[in-house]
Amino acid sequence: MHIGVFTDGFEAYALEDMLKTCKEYGIKGVELGCANWSQHAHVPVDELLSGKLSVEEYMKPFKEYGIHIDALNCSGNVLHPVEGAQHREGVSKTLKIASMLGVKTIITTSGLPAGGPEDKRPNWVTTHWPPENYEILNYQWNEVAIPAWKEITEEARSYGVRIAFELHPTCLVYNLYTYERLCEGVGNCKDVLGINMDPSHMMWMGGDGRELVKAVPESIFHVHLKDVVFHDSKRLVNGNLDYKKGAVMEERSWSFDVPGKGRDAEWWKDFLKTLCEAGYNGILSVELEDYSGFPKNPLKEAADFMKPLVEQYPD
């Protein structure tokens, strides 16, 4: 395994500055934002697809700095009732660029449909009551999500590229059960559809990413490194559901942070051991959502904390 970074945290930095920082911190791989919610600051999508920029020319700085492109990220909402078609196009572009660059994995989210055919906004159902929730879920799964992901799965397979879902709240696929439900509906798809194991989302939802890895070891296609810090003065009176903006960290029930800020080294050692036993031997991509010194300081903190732990699991 090797430490990498999801480069959307470096959107304000030129490609060469980002790569220089990675080399300085001993980071060997990158996950590049490519479409949809990403501004794709380091992937000239249209130039690559049109042929105005050759793959060979684009790859020169990566080779110069010794940085490998491990994955592309096109997280978005392909199931959105209004914006879905645009995000679907973003996935297609990302798959094509991945095949051009020889990248075998893209990261995305499942998306979230509306609650019915006339609705204009996505609707996230998280409880069994009231009864109409089941009508919403039936529409979302059977009429929208499964047909859409059958089509996307076949497109990805045609390019020889895998898709790793970030199990993100406010998406239809956000835990093991919903991942398995989508796979069952799509059918014969686990060679293409897998999981981006970001343990932070399981943390704040009350789960444990280590247990999820043990449950479906063959489905771990990618890993994000991100921690959660709980603010008990707020959490114990408000619970974990919190829509306040991420930058107001101390006002929230919890906040994202770099590894080591919420869980200690023993937890992260066990996480890496669990990944190794599952057969995972890829990038550990730091996702920068710590707003305290954005982005270089948190990345250095994460790299310094994780390096001694990762050394025993060389590529």
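Predicted model: local features only at pLDDT ≥ 70, side-chain atom pairs only at ≥ 80, totals over all residues.
Thr-170 sits in the loop between strand 5 (162-166) and helix 6 (176-186). Its backbone deserves a look too. Phi of Thr-170 is near 70°, a positive value in a residue other than glycine.

Step back to the whole chain. Its secondary structure comes to 11 helices and 10 strands. The radius of gyration is 19 Å, close to the 20 Å that the globule rule gives for 315 residues, so the chain is as compact as a globular protein of that length. Along its principal axes, the C-alpha trace spans about 55 × 50 × 35 Å. Buried residues account for 53% of the 315 residues. Contacts reach along the sequence as well. Of those between residues at least 6 apart, 77% join residues at least 24 apart.

Now take the helix pairs. Two packed helices are described by the angle between their axes and the distance between the axes. Start with helix 1 (residues 15-24) and helix 3 (residues 55-65). Their axes come within 9 Å and cross at roughly 20°. Helix 1 and helix 3 are therefore roughly parallel to each other, because angles under 35 degrees fall in that class. The crossing is right-handed. On the helix 1 side, the contact uses Leu-15, Glu-16, Leu-19, Lys-20 and Lys-23. Helix 3 answers with Tyr-58, Pro-61, Phe-62, Glu-64 and Tyr-65. By class, the residues of this contact are six nonpolar, no polar and four charged.

Move on to helix 10 (residues 265-277) and helix 11 (residues 296-310). Here the axes are 10 Å apart, and the helices pack at an angle of about 50°. Helix 10 and helix 11 are therefore oblique to each other. Helix 10 also passes helix 11 in a right-handed crossing. Ala-265, Trp-268, Lys-269 and Leu-272 of helix 10 make the contact with Phe-305, Met-306, Leu-309 and Val-310 of helix 11. The classes here are seven nonpolar, no polar and one charged.

Next, the loops. Which residues does Glu-287 touch, not counting residues up to four places away in sequence? They are Phe-6, Glu-166, Asp-198, His-224, Leu-225 and Lys-226. Glu-287 lies in the loop between strand 10 (283-286) and helix 11. Its relative accessible area is 10%, so Glu-287 is buried.

Lys-120 is exposed, with a relative accessible area of 56%. This lysine lies in the loop between strand 4 (105-108) and helix 5 (132-159). Leaving aside neighbours within four places in sequence, Lys-120 is in contact with His-80, Pro-81 and Val-82. Lys-120 and Val-82 are 38 residues apart along the chain, yet their C-alpha atoms are separated by 6.4 Å.

Finish with the backbone. Most residues other than glycine have a negative phi, and most peptide bonds are trans. Where is the cis peptide bond? It joins Trp-129 and Pro-130, with omega about 5°. Pro-130 lies in the loop between strand 4 and helix 5, where Lys-120 is also found. Asn-36 has a positive phi, near 65°, in a residue other than glycine. The loop that holds Asn-36 runs between strand 2 (29-33) and helix 2 (45-50).

How values were computed. Residues numbered from 1 in each chain as written. Heavy atoms only, no water. Axes fitted to C-alpha atoms, helices over the stretch in contact; angles between N-to-C directions. Helix = DSSP H or I, 4+ residues; strand = E, 2+ residues; numbered from the N terminus. Parallel < 35°, antiparallel > 145°, perpendicular 65-115°, else oblique. Left-handed = near helix turned anticlockwise from the far one by under 90°. Contact = heavy atoms within 4.5 Å. Nonpolar A, V, L, I, M, F, W, Y, C, P; charged D, E, K, R; others polar. Rg over C-alpha atoms; globule rule 2.2 N^0.38 Å. Buried < 20%, exposed > 50% of the residue type's maximum accessible area, 1.4 Å probe, protein only.
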